[in-house]
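Hi everyone, thanks for coming. Have a look at the model on the screen, and then I'll walk you through it.

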Number of protein chains: 2
Amino acid sequence: MPGTFIPAREAVREKLSWGSLAWCCRPEGIGAEQLVVIEVTLAPGGGHAFHKHPEQEEVIYTIDGQVEQWLDREKRVMCPGDCVFIPAGVVHASFNASQRDAKLLAILGPSLGGPTGYKVVEVADQAPWNKLS
Amino acid sequence: MPGTFIPAREAVREKLSWGSLAWCCRPEGIGAEQLVVIEVTLAPGGGHAFHKHPEQEEVIYTIDGQVEQWLDREKRVMCPGDCVFIPAGVVHASFNASQRDAKLLAILGPSLGGPTGYKVVEVADQAPWNKLS
């Protein structure tokens, strides 16, 4: 595949209970084999609770707003330009405790089959993650 | 390695003739094996001329400003939220034709040895790339 431009208005979008996604890069429709890139909008009070990607590294880059980012049991507030590197299998979570939208870029390593190339294990209902805040 | 936060003020930075880089993710100091992520600032009139990454896919995501982006022989202007997927080995270039800084995120696939994990072949002095504008 020769590559492709993905203008923001043409990105595949998904509405979630806690925000929305725009798929910038994935196997389906784009042909990527090494990269999964998702522009994530966190609504005020929303977020992606504790989860992990067993086989994929992730970098989260903060584009806009403030994000309460967990890396294992450590929490920091990320502002635009801040990022976090999450090795494969490490539990993490991102919350928006502010009053306006926050936007980040979720970048994951080699996609492992399936149209989105995104594999996630949710652990928010398990200890110790169900006790953290 | 357990992962790490990289606040913007702590990122390793490099000054270039056409702008500057902030390394968000690479093998050296961070331990990444699957991802290379660089926040790139293009000064007005500056840019990274035609080049390719023989073994690494790349996604360029526009954070701020306007970028004249080449994908092989096709040129488009990218604005914030726009991105481009560049397969391994495909020639590309990014220029800032505006009067103010432009910022983008360069995201590359599996790093292949070396501290930065970034491998590039410059081709701007070769045909047909030396005739395009």
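Let me begin with a question: how many aromatic pairs are there over all chains? The count comes to eight, where rings of Phe, Tyr and Trp (its six-membered ring) pair if their centres lie within 6.5 Å, with planes under 30 degrees apart called stacked, over 60 edge-to-face and the rest tilted. One of them is A:Trp23 with A:Tyr118, an edge-to-face pair at 6.3 Å centre to centre and 85° between the planes. A:Trp23 lies in strand β3 of chain A and A:Tyr118 in the loop between β11 and β12 of chain A, so this pair ties together parts that are 95 residues apart in sequence.

Before I go on, a word on the ground rules. This is a predicted model, in which local features need pLDDT of at least 70 and side-chain atom pairs count only at pLDDT 80 or more, while totals for chains, interfaces and linings use all residues. Residues are numbered from 1 along each chain as its sequence is written, chains are lettered from A and ligands numbered from 1 in the order in which they are written, and side-chain values use heavy atoms, with hydrogens and water left out. Strands (E, at least two residues) and helices (H or I, at least four) are DSSP runs, numbered from the N terminus.

A:Trp23 is buried, with a relative accessible area of 5%, whereas A:Tyr118 is partly exposed at 24%. Here buried means under 20% relative accessible area, exposed over 50%, and partly exposed in between, using a 1.4 Å probe and protein chains only. In chain B, the ring centres of B:Trp23 and B:Tyr118 are 6.3 Å apart and their planes lie at 80°, so that pair is edge-to-face. Strand β3 of chain B holds B:Trp23, and the loop between β11 and β12 of chain B holds B:Tyr118, so parts 95 residues apart in sequence are tied together. B:Trp23 is buried at 5%, and B:Tyr118 is partly exposed at 24%.

The charged end of A:Arg26 sits over the ring of A:Trp23, 4.9 Å from its centre; the rule is NZ of Lys or CZ of Arg within 6 Å of the ring centre and within 35 degrees of the ring normal. B:Arg26 has its charged end over the ring of B:Trp23, 4.9 Å from the centre. Elsewhere in chain A, ring pairs link A:Phe50, A:Trp70, A:Phe95 and A:Trp129 into a cluster.

Now, how do the chains relate?

Which of its 32 residues touch the most other members? They are A:Leu105, A:Ile107, B:Leu105 and B:Ile107. Strands β3 (19–25), β6 (58–64), β9 (83–86) and β11 (102–108) of chain A, and β3 (19–25), β6 (58–64), β9 (83–86) and β11 (102–108) of chain B, each supply at least two residues of this core. Leaving aside neighbours within four places in sequence, A:Ile107 has contacts (heavy atoms within 4.5 Å) that include A:Val59, B:Leu35, B:Val37, B:Leu105 and B:Ile107.

Finally, some backbone details and charges. A cis peptide bond, omega about 0°, joins A:Ala127 and A:Pro128, and A:Pro128 is in the segment after β12 (121–122) of chain A. The bond from B:Ala127 to B:Pro128 is cis as well, with omega near 0°.

A:Asp72 is not a glycine, yet its phi is positive, near 55°; this residue is in the loop between β7 (67–71) and β8 (74–78) of chain A.

The structure holds twelve salt bridges over all chains, each a side-chain nitrogen of Lys or Arg within 4 Å of a carboxyl oxygen of Asp or Glu. Among them are A:Glu74 with A:Arg76 at 2.9 Å and B:Glu68 with B:Lys75 at 3.9 Å.

Note on methods. A nonpolar core is a set of buried Ala, Val, Leu, Ile, Met, Phe, Trp, Tyr and Cys residues joined through side-chain atoms within 4.5 Å.
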